[in-house]
Structure formats: C-alpha cells, structure tokens
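Please walk through this model with the sequence and the coordinates open side by side.

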Amino acid sequence: MPSVSFSVLAEHLYVHVPFCARRCVYCDFSIAVRPLVPVNEYLEALRREWESRHRESSFDLATLYFGGGTPSKLGVGGLEALTDFVRRKAHLHPDAEVTLEANPEDVSAESAQGWRKAGINRISLGVQSFDNSVLQWMHRTHDADTARKAVQVLREGGFDNLSIDLIFAAPSSLTRDWKSDLDAALELGLAHVSVYGLTVEPHTPLGRWVARRDIVEAPEDAFEAQFLEAHAKLTAAGFEHYEVSNYGLPGRHSRHNWAYWTRKAYGGLGPSAHEFDGAIRRWNIAPYTEWVNRTGGSQDPRDGHETLTGEQSVAETIYLNLRTNMGLLLSSEERQHTARWVDAGWASVDPASRLRLTAAGWLRLDGLASDLTQLRSRY
C-alpha cells in the first residue's frame, strides 16, 4: 500500500507498543511475544511511520497514551527514547496527561524513577486479579504480592495518579471471590479502577477452550451481579462511575480515554493503532512483523479506513454519550420513548432532558443505544 499523508490536528496521541512476555488466555490484542524486545527496530519503524503519514499533521498534545501490549517492556531507556521522539515531533502541554500501561513485574524503584524522568505521570497497571490461582489460569506473569508491591513502589517513586485493571466474570469453576478482589483494590488507595468483563474471543486460548467445552463461561446472571457489585462498592468508596468500565476519584478520570468517548480528533501510531480526524477513521495492520516490513518499504502500514456518514456519526454519538455519565440530550419524543427505561430502572432523565443510564442500564447499553438510534434515524 503506497504512503498516504494523513493530516490531523489533534490534542491526543496513542502509541501502541505490542511487546509481551507471553499471551494471556483471553487476549485478542495486537501483541508480539519476544524474549528480547527489539527496541531499536521498533523505534525506527515508528519514526518511519510518522514520516510517511504525519509530516503535515499538527499535534498539540493534552494527552499521550502508551498502550499495548506491555509498553513497560521497552525498559527505561526505550521509554525515554520514545518520549523524546514524540517531543521532537509534537508539542506536549506542560500539564499533559502522559499514561503508561505497565505490568506489575516491570515495576522497580529504578523503573519508577526512569519513568518519572521520561515525563510519565499516570500509570495503568494490568493487575486483573489478586487471586493467585486466577492469575495463573490467565497466564499472567505476576502474583498478587507483586501487584501490591508495585503500587507501593510507584507511590514511593512519586506517582499519585495510579490506575489498575480488574477482570470480572471469570468461569465459576475457578471459584474466584470477586468481592475479595474489590476489597484488595480499595485497600491500595488508588485514584482509578477499570473493571472489564471477561470476553471470549474465538482466536484466543480461552476461545478454543470454550469451543471444546473445556471451560464454561460465567452465566449472564453472574456477570450482571459482579458488575453491579463493583459499582456498589467502588461508588460507596467515593469513586465516580463515569464510563461503563471506569471508576475515578474526582479529578482523576482518564483524560485520554475521555477524548475517544467525546469524539475528539486523535492520532495513532504502531501496529493496530487507530486514529480519527473528526470525519475519517483509519487503522494500522495488526501483526508486528508486517507493520515493521511495511514501514521499512516506504509503505503506509494502514490496514483500512472509513469516512463516517451522517447516520454513522449519529449512531456513534448516541452510543458514546450513553456509555458515559455525560448522557444524551433528548427531544420531547425521545423523552417519551425512553420513559419505560426510567420505569425499568435503566436510566434517569434530569430536568434539562438529559438522559443518563444507570449501572443496570449500562448492562443493556448495546440494545438501548440501538433502540434510540433507530428512533432518531426517522427524523
């Protein structure tokens, strides 16, 4: 595919770092398992991708997000080189939110110091559970004590904007105590917690296990009960449930992810990365080796793109607004139409006619958003 300039004016940039020590059983992301991380090769490919597409782009960054994969696998030196590269190509606001996804086993006093020096000010730790048997089943490379220690070390290293991920709705055969995981998270005094229901993707080890009936997914009632339990415990502890899967203390919401949910323009670099200029969404090829080869051959590594139609933009706006506590402003007809949602406990409507889903409503997000989209499309 020939090189195509993709000019974008954006305050947000995502950089995908695909490297992992091994693949978790549920993972369907673009990752590259490498015993030795090819840092220089990756950074050179990233530079070539930028030159092939973003020579005319303007980035005045309010947020910068290093996701993966496991970006902490680049090591301190690799991350310093990566942040230096971004600063040479884009302007980074002095108060920009700079997030690094990291695994607990990569955290040390030395790495925390190096990340701070590189300008990282927010860490998202892939904890997933504090139950060692569940972590082993997931093929995670850390244990619960390592996760707790990582939070302590990061805090001692000057990080106060810390988030962890937790996965709920594990198979019942694991006899996992979800309440204990939530309690363990709350004991850490975190600023942010993300909770995700375990999703079975077909091309993963978990997908194959389920297809062979070696593992049975958690039933829907268990999924719902655990989601609502997380909502109850975290909000009681002062967290704001500001998006389906995300809870933050006041002032500690993810500014970068909020840009996605409010349809702001954003850039994306690296294998499988997406970007959006307000009208066109494009995405890169996912396999790491092919991404490297494409950039090395002076080719744009994009895999596809789409120009959103008016109908698509309407549908996307409805869905994204309903998945956050921002909610959606309703017409009088829409307010009448959604009155049954309020009666069912799935939503509330304020005096200004802004509809917001409740936790029970977020469990039905896809169906409710589709219903409202069909109604609005008749206008």
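This is a predicted model: local features need pLDDT of at least 70, side-chain atom pairs count only at pLDDT 80 or more; totals for chains, interfaces and linings use all residues.

Angles between axes that are under 35 degrees count as roughly parallel, those over 145 as roughly antiparallel, those from 65 to 115 as roughly perpendicular, and the rest as oblique.

The crossing of α1 over α10 is left-handed. On the α1 side the contact is formed by E41, Y42, A45, L46, R48 and E49, and on the α10 side by Y288, W291, V292, T295 and G296. By class, six of these contact residues are nonpolar, two are polar and three are charged.

The second pair is helix α11, residues 310-322, with helix α15, residues 365-376; here the axes come within 9 Å and cross at roughly 140°. That angle makes α11 oblique to α15. The crossing in this case is right-handed. From α11, the residues V314, A315, I318, Y319 and L322 meet L365, D366, A369, L372, T373 and R376 of α15. Eight residues of this contact are nonpolar, one is polar and two are charged.

In soluble globular proteins, nonpolar side chains tend to be buried together. The largest nonpolar core of this model has 83 residues, and the members touching the most others are Y42, W115, I123, L125, F130 and L166. Y42 also takes part in the contact of α1 with α10. L166 can be followed through its neighbours: leaving out residues up to four places away in sequence, it touches V127, Q128, S129, F130, W178, D181, L182, A185, V193, S194, V195 and Y196. There is also a second, separate core of 15 residues, with V25, A170, L198 and I215 among its members.

The loops remain. The one between β4 (58-68) and α2 (75-89) holds T70, and G69 sits in that loop too. The peptide bond joining G68 and G69 is cis, with omega about 20°. Is T70 buried or exposed? T70 has a relative accessible area of 3%, so it is buried. Beyond its neighbours within four places in sequence, T70 contacts V17, P18, F19, C20, N103 and D106.

Two residues other than glycine have a positive phi. A169, with phi near 65°, is in the loop between β7 (162-168) and α6 (178-187). Its relative accessibility is 4%, so A169 counts as buried. R213 also has a positive phi, of about 65°, and lies in the loop between α7 and α8 (220-236). With a relative accessible area of 75%, R213 is exposed.

The last stop is E201, in the loop between β8 (192-197) and α7 (205-211). At 27% relative accessibility, E201 counts as partly exposed, because that category runs between the 20% limit for buried and the 50% limit for exposed. Apart from neighbours within four places in sequence, E201 is in contact with D28 and G207. From E201 to W137 the C-alpha to C-alpha distance is 16 Å, and the two are 64 residues apart in sequence.

Terms used: Residues are numbered from 1 along each chain as its sequence is written. Side-chain values use heavy atoms; hydrogens and water are left out. Axes are lines fitted to C-alpha atoms, for helices over the stretch in contact, and angles run from 0 to 180 degrees between N-to-C directions. Helices (H or I, at least four residues) and strands (E, at least two) are DSSP runs, numbered from the N terminus. A crossing is left-handed if the near helix is turned anticlockwise from the far one by less than a right angle, and right-handed if clockwise. Contact means heavy atoms within 4.5 Å. Ala, Val, Leu, Ile, Met, Phe, Trp, Tyr, Cys and Pro count as nonpolar, Asp, Glu, Lys and Arg as charged, and the others, Gly among them, as polar. A nonpolar core is a set of buried Ala, Val, Leu, Ile, Met, Phe, Trp, Tyr and Cys residues joined through side-chain atoms within 4.5 Å. Buried means under 20% relative accessible area, exposed over 50%, partly exposed in between (1.4 Å probe, protein chains only).
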